[in-house]
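Please open the model in your viewer and keep the selection panel at hand. The tour below goes from one selection to the next and says what is found at each stop.

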Amino acid sequence: MLLYSVLAGVLFGLYFSLIGLGLNLVFGVMRIVNLAHGDFLMLGAFLAFWLFALFAVNPIPVLPIAFAVFVAVGLPLYYLLVPRLLKAKDPEMLSFILFFGLSQVIEAVTTIAFGTSERSIPGDQLGRAVAAVEGVFIGHEVENGPVEILGQTFPAAWVASGIASGCAVLLVYLYLYRTRLGYLTRAVMDNREEAVATGINVHRISALAFGIGIGLAAIAGVFAPFMLGSITPAMGGEVTVTAFAVIIIGSLGNPLGTVLGGVIYGVSYMLMQSYYSSWANLLPYVLLIAILLVRPSGLLGRQVRRA
Amino acid sequence: MVRRWFSAALMTLLTTAAALAADAPAEIKLGTLYASSGRFASISMPVHYGLKLWMERKNAEGGVYVKAFDKKIPLKLVAYDDQSSTATAATLYNQLITQDKVDILISDSGSVLTSVAVPIARDHKMFLIDQTGTGANFFTADNPYIALIADPVSSIWPKPLADFLTQDGPPLGIKRVAVLYATNDFTGTQASAVRKFIKESNSGVEIVFDQGVPTETSNYTVLLNNIRAANPDAVLHLGYAPNDIAFLRNVQDSGVKFKLLFCVYPGIETELLEKNLGSKALNYVFTYVPSSQIAYETNFGMSLKEYSAEWHKKYANAQVEFGFNSVAGYTTGLVLEKTLATATSLEQLELRRAMFSLSGNLKTLDGTFELDPTGAQIGEITPLGQLVVDDHDHLKIVTVWPHAVATGKPIYPRP
């Protein structure tokens, strides 16, 4: 029971790392909190649902489509909202209000388009993709079904989501530490004013980070029907709050901290579900309070948060 | 002499009629809430649409007959969106009573959003028309300001289920039962009732797993593993529709096989669950058989077939599925209609008296309307059924308990 809970927690936590990654990137670069992050995730989920319902598209090919579409949406959205916001006296606080409003608009429009009921994609859709990939590695056909890890079986969708989350973290890491745009992004994250002074086009860098942030949310959204039971237009708020707790546990502005925060959240949640299930949903808030009291900068954060 | 007496009688009659007409309101204000978003939207919107359908039909006929004024009066629905939030709902219930001054207060669907209405209605001495809030603790002998209309009280919902487990269960080999429930008034009460019924039966059936989870739970993989470790013969999952969707999805994806699986919503919102999970995931699942699945004989209002046709015509593009909750909203309307046709005034306790006088006599598409003295609904019972995929790949529900209404035998263990 303990081993199963821990392994399930790692997989579940990796998924929440993926959710938090985009939110953290946006905060790290712009010092604004995107409260509509969960709603972009929800839109990604509905994109996957819609493509499956209309054209029977497997969710795996939807991943690059969702990422590209949402990066493309994020760029103009950045120029529409963020530069004006950053001119304000207290952009961090105002970002709460602005993105909360955006969240409400997205939820309302999606409700009009899709209704209020729960929607989902059959679980075996991701399972098929996992079985096909597994088959390529093993060299023979693999039956579609749960996947065994260390003698414990988990839904194939969880494993697919865990792998995708790991890949996303790696790609974000490579982007930040191995590309020129990444260096510039880190420079803006470190000190926006100095970056401006050295001639970096901070708006271009920030717009790209904003687009990548919501693109990552959309990728997480594709997995949402499998990881969160079902999807509804109203799911965004709850997801944002949990993601926010995850990135604070890890540390605001640090992508690797998000992975750590996600895994700690996932493992703690699954252990709570096993031993004190009625209290499981309190966990993100308890962890949040504990971290803020003991180490306000998060587990991998600097001593004083830049904000 | 006769002429004088006749004139006096005529004058009295005319004066009374004039007085009644003068006092009659231009409209009867019905105040209610609905949740267009959030966790309870999928159970709230069908109820709200059902109530609206009834009201629009009545208004098309010139209104509803109100005995107190001996005439038809149009209905006006004052409805606010609580977005599935109990805090918002509490404010809006107060607003309906104190600002809008509605004549009749109708709660939102489900126990969670009704729970905040119960004390508010009582404090304001408003008779609460509780549509589907079934929490047993809402109904007490000292509170005359509530009646449950379209759903049996939670404490009797699982009676057929528990009877089946304790009477038909042991011969089938069912001895060990796992109970997993969402901790809210609706399913928490049912879990307590199941425990009580099983314990009192002395049948040898024992509960080997008994755990509550928050209603917001959307992931059950670890819990399923723990249930499997308890080696139960039957697993009862008591939760709302989103809980059932997540639970059954996790059962399917994890490859866990239980010999008997019971969930609340596969029978109640079959269309919704089938859309989300597919018929294979629901095959052989035990569930309640609600009024949307049984054609009860009616003595008032449309039959199930007529209502279903009317619903699908009116809400073809509304993206709200037809199911038990859509029947519940319409049933609320029917009970209100009969109540207004019986009450001699619009005083709240007179409405209560009129409604209670219908108990046991009114038969709608939801079954027999019957209240106990506390206002809890005890008539519209929920037999136990099992979903089975037929030869045409369609899900059908087979009633397995009570034996008197059974339409087939249970399939156990689940193939």
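This is a predicted model: local features need pLDDT of at least 70, side-chain atom pairs count only at pLDDT 80 or more; totals for chains, interfaces and linings use all residues.

Keep B:L128 selected and show its surroundings; apart from neighbours within four places in sequence, B:L128 is in contact with B:L105, B:S107, B:A117, B:V118, B:A121, B:Y145 and B:I146.

Now return to the two domains of chain B, whose C-alpha centres lie 31 Å apart. Their contact takes 23 residues from domain 1 of chain B and 19 residues from domain 2 of chain B. On the domain 1 side, select α2, α4 (111-115) and α14 (324-340) of chain B, the elements that give two or more residues to it; the residues of this side divide into 10 nonpolar, 10 polar and 3 charged.

Finally, show both chains, where the contact takes 36 residues from chain B and 35 residues from chain A. On the side of chain B that touches chain A, the elements giving two or more residues are α2 (41-60), β9 (206-213), α8 (221-229), α9 (241-254) and α11 (270-277) of chain B. By residue type, the side of chain B that touches chain A divides into 13 nonpolar, 19 polar and 4 charged residues.

How values were computed:
Residues are numbered from 1 along each chain as its sequence is written. Chains are lettered from A and ligands numbered from 1 in the order in which they are written. Two residues are in contact if their C-beta atoms, placed from the backbone, lie within 7 Å. Helices (H or I, at least four residues) and strands (E, at least two) are DSSP runs, numbered from the N terminus. Ala, Val, Leu, Ile, Met, Phe, Trp, Tyr, Cys and Pro count as nonpolar, Asp, Glu, Lys and Arg as charged, and the others, Gly among them, as polar. Domain bounds come from an automatic or database domain assignment.
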